Every structure is written in structure tokens, then in C-alpha cells.
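Me: I'm new to reading protein structures and would like a close look at one part. Could you walk me through the inside of this one?

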Amino acid sequence: MRSIAQDRSLRTPWDTFEREVLEYLRTLIRFDTTNPPGNERVATDFLAARLGAAGIAAVVLEKEPTRANLVARLEGGGDAPLMLSSHTDVVPVEAARWSRAPFGAEVAEGCVWGRGAIDMKAKCAMDLGLMLALRKAGAALNRDLVLAAVADEEAGSELGARFLVEHHSELVRAGWVLNEAGGFTLYLGGRRYYPIQVAEKGYVTVKMTVSGPPGHGSIPRSDSAIAGLAELVVRINRTPMRLRLTPLMRRTLDLLGIEPQSAPPLFRAMMANTVAPTILRAGYKDNVIPGEASVVLDGRTLPGETPESLLRELREIVGPGPALEVLKCAPPAEGSADTPLFRLIAHQVEMADPGARAIAWMLPGATDSKFYAQLGATCYGFAPVRIGPRMPYGSLYHGNDERIPIDGFLWGLRLYVEVVLSFVGLRFDQVFN
Ligand SMILES: [Zn+2]
């Protein structure tokens, strides 16, 4: 039997834990996992080594060489498993536009600088630290705790979460998932909010092609494919798609005091399907009028919508002329905010930042949550970090000079730990001192 004194030694001093998790973050940033090409294995090897040294076996799976996904598990009681999810890839950088080395993980001006600091190596570091501290403490969990650190999120998840969900579902099936895209400070109307992602839009990438008579560039014609396509692109840009508020967004906008008709672009994108032209293609020689011109449309669907319903709405705008071809799609996802885990998150957020309020919201973009939700999980975006009012948080996502304030990161770490420990049935002082 363990004595109380021995139990004490199994707990991790909180200040040591903070230092370690900060170092995990800096180590992860230094691995260049830019996707493409990805090369997530360098990050996964590090995670597997740290977990392995603590006696936690990790499963590493690659659909393609170097595109590693890692799943590890601490076994617990019979309640529905909680999965801590992150992706280890990052988007490319324009290094010349950065003030510091994008993969240097420098500490300066109170921040850790580098690609992935926000999206989303910070949460990956928190997940690793928490698994190690829990393992060391050896306390009994009321449910399995799963760590998933996956590849390829930034390029559609084909080699990452989607691959695991479709081919190794037993590893990543969970009742609950904590993932990215929520838990940061949002300043609105003089108040502080913490959006918790409960829903996310689907995507439908559409290639729209217009045909027309080809000809010699010396004899212009108004019915060319390029002219037709240009008119349709302008029309798409000028025609707003139907506003449709899901019950979740109606409650959230009410709470924030935002009128749907005058909502800023971010919120408008949570209230309608959208299509944005992103790639134009036409022509191959300067004196030939091409017979075909195309545009790729980045389409996004609200919960409850399908690729077919988006195509119908798009067809109403562009008419019967152009050919529409779906290049890829993934469904939207919507969970409930009326759950014990959401209430726990909201309670802990409001304790950690008195006067602030947690709100449920929808991400206009996509995360791996949409795939884990297909296995029945309730997924929340909760990667907490406290941000000051002058920090351009939104532009740090995929932006230049991505960085995370250290005090806000450590604030988020404590909040995250409180939420996870409570949800696996433990008190803070059973794991930390
Ligand atoms: Zn991300």
C-alpha cells in the first residue's frame, strides 16, 4: 500500500508543470511540420518518446510515409471516453514577412513566437503534459482519457483524422472531444467572452466551368467563356446567400446583442451558406480566346445543409449555364451546448476570468471535430488562452508573426487542467501540488 508521503511524491509541482509544458510547446514549434508536405512524424516521434518514457504506449499510424498520427490512452472507468485532440501540422509561412524566425520558438515581448503557437501546438503541448502528469499521479480515472495528435488537418484531414475515423475508428471513438477553435478571449461591446465551438460548417468545393466559342484574339467576342465566367463571379460576389439562423446561433446573437441584418462578416458567415471564388483558370496563349474558363468556389454549408442543397442555392444565382462539379466535401457538425461538459467548461471559464462569459458558437471553417463527430462524439472547441484587447488574435491564425502570450497560455493551461481533471473525476490536488 502506498503511504501518503509516497502519494505526495507522485504529484507534480504546478510550477514545474508550467515550465515543462512551455518547453513542450517550444520543442513542437521547432519541428517544421509545414503542410504541404507535412512531415508530422518528427513531432509524433517526440510525443511518442515522451509518452513511452512515462510508460504510456502510443499507437502511431501513417497512411503515407512521414504523415504520422498518434493515439495514446490512459484507461479509466466505464464513463464515455474523453479525447484530447490536436493536429501537429501547420500552414506554410512567408518567412520574409515575419519579424522573428517562424520555427525558432523565440521567447520575446512576453510571447512564444512561431508557426503553430496558436494553431495548434499550444494545445498539443497541454495534452501531452496532462497525460504525463496523470500517469505519474496514478489516480483512478472515471473514464478513458485518449490523446490524439494527428496529421494533415490543414489540408483536409485525408491522411489524419479522416483516415483514423474511416479505418481505425476503435482508436478514436469517444463520447467527448476537446479540440481547437474555442476558449480564447473575444472583446465585444466592452465585454469579454470566451467562445466555445459547438458547431462547425461543412465544406463543398465546387469547380464551375463556363464554355464558349473559341477564336482568334484579334476578333473579340462578348460571348467568350472568360467574359461569361467573369460576369458570374461578379454576380456570386454581389448576391448574398439566404440567411438562416440555427437555434444555436439565434441564442448566441441574442446574447451578444447582435442584429442578424447588421452582423459583421464573421457572424454573417455563421448564418448562411457561403461560396467564395478562390482559384481562376482560363487561357493558354495570348492570342487565343479559350473555349473554357473555370473558377474554384470554396463553398461552406450550415448544419442541416447538404452538398445538394448548396448546389441548388448556387444554381439559383448562376442560372442553368455553367457546369458545376463537386471536387471535395465534408459535412457540417453541430453538437449540443446542453451537456455536463459544456456546463463544466462555462463554469470554469467564468471562475477563471470573473466577469467574462462563455458562449456557444459555430466555426465558419472546418476542424477535425467534424470527423470525430461522425463516430458519435460531442465535440467542443476548447483550447483556452487569455488574450489582451490589443492582441490581433484572429489574424494570428495562419498569419504572419503567429505567437502566444505566455501569461495567457499559462492561464489557459490551468483552466484546461481544471476542466479535464474534473471531467475524469479527479481533484486538482490529486495530481498537482
Ligand atoms: Zn488548426
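This is a predicted model: local features need pLDDT of at least 70, side-chain atom pairs count only at pLDDT 80 or more; totals for chains, interfaces and linings use all residues.

How many residues does the largest nonpolar core have, and which of them have the most contacts inside it?

Reply: The largest nonpolar core has 97 residues. Those with the most contacts inside this core are L82, L145, L178, L341 and F432. Helix α14, covering residues 406-423, gives the largest share of the core, with 12 residues. Apart from this core lies another one, made of 21 residues, including L61, V146, V150 and A377. As background, nonpolar side chains in soluble globular proteins tend to be buried together.

Let's zoom in on L145. Leaving aside residues up to four places away in sequence, L145 touches A72, R73, L74, L82, L84, M131, L134, V420 and V424. One name in that list, L82, also belongs to the group with the most contacts inside the largest core. Another name, R73, leads us on to charged side chains.

In general, side chains of opposite charge can pair when their charged atoms come close. R73 has such a partner: its side chain meets that of D144 in a salt bridge, at 2.8 Å from N to O. This pair links distant parts of the chain, since R73 sits in strand β2 (residues 68-74) and D144 in strand β6 (residues 143-150), 71 residues apart. R73, at a relative accessible area of 26%, is partly exposed.

The count of salt bridges comes to 23, so let's visit a few others. E305 pairs with R244, and their closest N and O atoms are 3.0 Å apart. Here too, distant parts of the chain are linked: E305 lies in the loop between β14 (292-301) and α10 (307-318), R244 lies in the loop between α7 (225-238) and α8 (247-256), and 61 residues separate them. E305 is buried, with a relative accessible area of 17%, while R244 counts as partly exposed at 30% relative accessibility. Salt bridges can also share partners, and in this way E40, R67 and D152 are joined into one network.

R221 counts as partly exposed at 39% relative accessibility, and D223 counts as partly exposed at 40%.

Definitions and conventions: Residues are numbered from 1 along each chain as its sequence is written. Side-chain values use heavy atoms; hydrogens and water are left out. A nonpolar core is a set of buried Ala, Val, Leu, Ile, Met, Phe, Trp, Tyr and Cys residues joined through side-chain atoms within 4.5 Å. Buried means under 20% relative accessible area, exposed over 50%, partly exposed in between (1.4 Å probe, protein chains only). Helices (H or I, at least four residues) and strands (E, at least two) are DSSP runs, numbered from the N terminus. Contact means heavy atoms within 4.5 Å. A salt bridge is a side-chain nitrogen of Lys or Arg within 4 Å of a carboxyl oxygen of Asp or Glu.
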